[in-house]
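Dear colleague,

My notes on it follow directly after.

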Amino acid sequence: MTFHEGDRNKPLVILIHGLGMEQNIWTDPCSARILGGLLPITVLLSKKPTQRDKASSKITSGDRPDPKDLRSIFHDLRDRGYPVIIWSQQRPAGPVASAVKELAEVLDYAEKVHKGDIVLVCHSRGGLIAREYLDDNNSNVSALITICTPHRG
């Protein structure tokens, strides 16, 4: 688990990763691994533009970001002083129910270290985990933000 203490007057944000990913997708995208840790995320980066690509579009040599410059919402929240918690699910491709139990533990920890509001920011399957948790539990989660969550299957 990663915990950035931040300003106690701001809401604590818990970032929940998606299927087959790990916490590094938020903290260090360049070193993140996907598909249950089998592949580095850099396999998803597009290839460097060829001369042919440049000739047929407005691509310049500076358009391709250096993978070392990859940032996520974690970096923006940290830089703005928000408290943030991130963890790697033990079974990132396992049943949602097992991740819901982990989220319960993370929220127990969050409530011990932060007395204010809690916001869940979730990617893909992470949104399903959060929704299932919130359906069955009372908590002081004040907001749920989902990114690319398949709410209807």
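In this predicted model, a polar atom of the H114 side chain lies 3.5 Å from the backbone nitrogen of L12. H114 belongs to the loop between α4 and β6. Its relative accessibility is 3%, and H114 therefore counts as buried, the limit being under 20%. Leaving out residues up to four places away in sequence, H114 touches D7, R8, K10, P11, L12 and P83.

L12 also has a place in the largest nonpolar core, which has 19 residues. L12 is listed there among the residues with the most contacts inside the core, together with I14, I16, L103, L107, I118 and L120. At least two residues of this core come from each of β2 (12–16), α4 (96–113), β6 (118–123) and α5 (125–136). The largest share, seven residues, is supplied by α4.

As for I14, its contacts, leaving aside neighbours within four places in sequence, are I85, W87, V106, L107, A110, I118, V119, L120 and V121. Another core, of 14 residues, lies apart from the largest one; M21, I34, F74 and V121 are among its members.

A word on confidence is also in order. The protein chain has a mean pLDDT of 86, with 82% of its residues at 70 or more. Residues 53–61, however, have pLDDT below 50, and beyond near neighbours in sequence this stretch has seven contacts in the model. Where pLDDT is low, predicted coordinates should not be read in detail.

With kind regards

Methods
Residues numbered from 1 in each chain as written. Predicted model: local features only at pLDDT ≥ 70, side-chain atom pairs only at ≥ 80, totals over all residues. Heavy atoms only, no water. Core = buried A, V, L, I, M, F, W, Y, C linked by side-chain atoms within 4.5 Å. Buried < 20%, exposed > 50% of the residue type's maximum accessible area, 1.4 Å probe, protein only. Helix = DSSP H or I, 4+ residues; strand = E, 2+ residues; numbered from the N terminus. Contact = heavy atoms within 4.5 Å. Polar contact = N/O pair within 3.5 Å; in protein donor to acceptor, adjacent residues only side chain to side chain. pLDDT = per-residue confidence, 0-100.
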